[in-house]
Amino acid sequence: MKMHETRTPSLWTPGDWNALFGLGTNVLVNLLVMTGLLKFVVGLPDELTFGRILPAVGLMLFLGNMYYAWMGWKLAKKEGRADVCALPSGPSVPHMFIVVFVIMLPILGRTNDPVKAWEAGLAWVFLQGFILIGGSFVAPFIRRITPRAALLGTLAGVSIAFIAMRPATEIFMTSIIGLTCLAIILVSWFGGLKYPRGIPAGLVAIVVGMAIAWGAAALGMPEIGGMSAARLSESFANFGFSIPLPALNHVFSGFEFLGFILVTAIPFGVYDLVEAMDNVESAEAAGDTYSTTEAISAEGCISLIGTLLGSPFANAVYIGHPGWKSMGGRIGYSVGTGIFVLCLAWFGILAVFLNLVPVVAISPILLYIGMLIGAQAFQTTPMKHAPAIVLGLVPHLAAWAKTLIDGALGAAGAQVTPELIAGMGQNGVLYEGLGVLGNGAILTGLVLAAIGVFIIERKYEWAAGFAGAGAILTFFGFMHGPAVGIAVTPSISLAYAIVAVFLVACTRLGWTHDTEAEPEAVVAQPAE
């Protein structure tokens, strides 16, 4: 009798504790950032933030984690394996910043009405949900024709630039806590050290970080960890019980700003699609093969449910599956994370966490995930594809650098003028170049890495196909452009087209190869 006919998957394993603290604290950090953006950047009233938005976000994330746990249970039962790890689910991190700074803040400035800003965010995510659902049916085809190095290379760029860099800087800004907690994490999750009584490394790191931060506060050194008893006491005022309420009328009220919303909703819907596809590919590289269509369509449907209940933030197939799996996570960690997040959001606990746990104690967990995803791109692809992976990283580094520059200019109240751009150029900061290269980074990284892989494999017509796709995507602003449109960056689109013609000529004209540089007999591995 076959194993998969008789074996019932375990819903909880000891390793799920580690993964629960890993994913749970990861999502917690992002929820704290989300709360800070709504409260301090947009200036939404607490009754809207804690009474409407966060309860809807909590339910959305609960549903996402429960659904992906069910997918993991189905896969484990089908294949008769005990090592299947559920796909993680969490808030789409880039969208937290995009919806706040690109949608909600401008609408707030235009109307001076925080409710209008919230409604615009709802309408934005509503549109993206349908883009994800529709795109889920073409995603498997994209995976079949795209080399794994391209899919994982652009994901590694996201991981390094937007997941690893910020926590890495936070660790060294408060190094007494940060480096100590990083060592606690690394010796367990990379070194295999077991803490007494099987206590999860993530919990050990958080407890040690809290002890140092609050000990420093007691000794009159609040700058170490930034903890304050007064702020902690005030945060208990947000305790209460709030459940999400239907917000359908608010969603459709947001369509008042449809023209403004569409400029970013379409490209970021495509961004979500590609990122989700990359994360499913990352799970397959770690040994768990999930349906791309099911995973992405579930992401879109769950985002729609959250939005109709008041969440202006999108659900996502979360990055980090190999990390949670390496910690020992299987199915239960996903269920546990969903319940944990639901309690945080419905009982107003987030404000307390914001003032109880120093963020720097959680930062090493995010850095660990960034390290693992970055490494996976190189570890699960042929060695000779490494240069193509690096090429896929570059657009994300450009996007990250431009984000920092824009943040610094905004903090200084400086306007970006031709004179300022010229001055930056004279000092080695190519601001315009960073913008062009970094816009649509996830698609740009995928296309460039795919071209690189197929050139390495001397499959020039396939490389030409991706260059042609790059020309089309660039022409309409999905790559290298600040917004979707017609002939957004025509010179770059033309450059991709010229590259496509050149690559076809490399095959059709019968030019010879350097026989001393023959590639190894390893062909590009498609995604499926």
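First, the ground rules. Residues are numbered from 1 along each chain as its sequence is written, and side-chain values use heavy atoms, with hydrogens and water left out. As the model is predicted, local features need pLDDT of at least 70 and side-chain atom pairs count only at pLDDT 80 or more, while totals for chains, interfaces and linings use all residues.

The structure holds eleven aromatic pairs. Rings of Phe, Tyr and Trp (its six-membered ring) pair if their centres lie within 6.5 Å; planes under 30 degrees apart are stacked, over 60 edge-to-face, and the rest tilted.

Take Phe 126 and Phe 252. Their ring centres are 5.7 Å apart and the planes are at 65°, so this pair is edge-to-face. Phe 126 lies in helix H4 (residues 114–135) and Phe 252 in helix H10 (residues 248–253), so the pair ties together parts 126 residues apart in sequence. Helices here are DSSP runs of H or I, at least four residues, numbered from the N terminus.

Phe 126 is buried at 12% relative accessible area, whereas Phe 252 is partly exposed at 47%. Buried means under 20%, exposed over 50%, partly exposed in between, with a 1.4 Å probe and protein chains only.

Phe 126 also pairs with Phe 255: centres 5.9 Å apart, planes at 85°, so edge-to-face. Phe 255 sits in the loop between H10 and helix H11 (258–285), so this pair ties together parts 129 residues apart in sequence. Phe 255 is partly exposed, at 24%.

Ring pairs link Phe 126, Phe 130, Phe 252 and Phe 255 into a cluster.

Conventions:
Helices (H or I, at least four residues) and strands (E, at least two) are DSSP runs, numbered from the N terminus.
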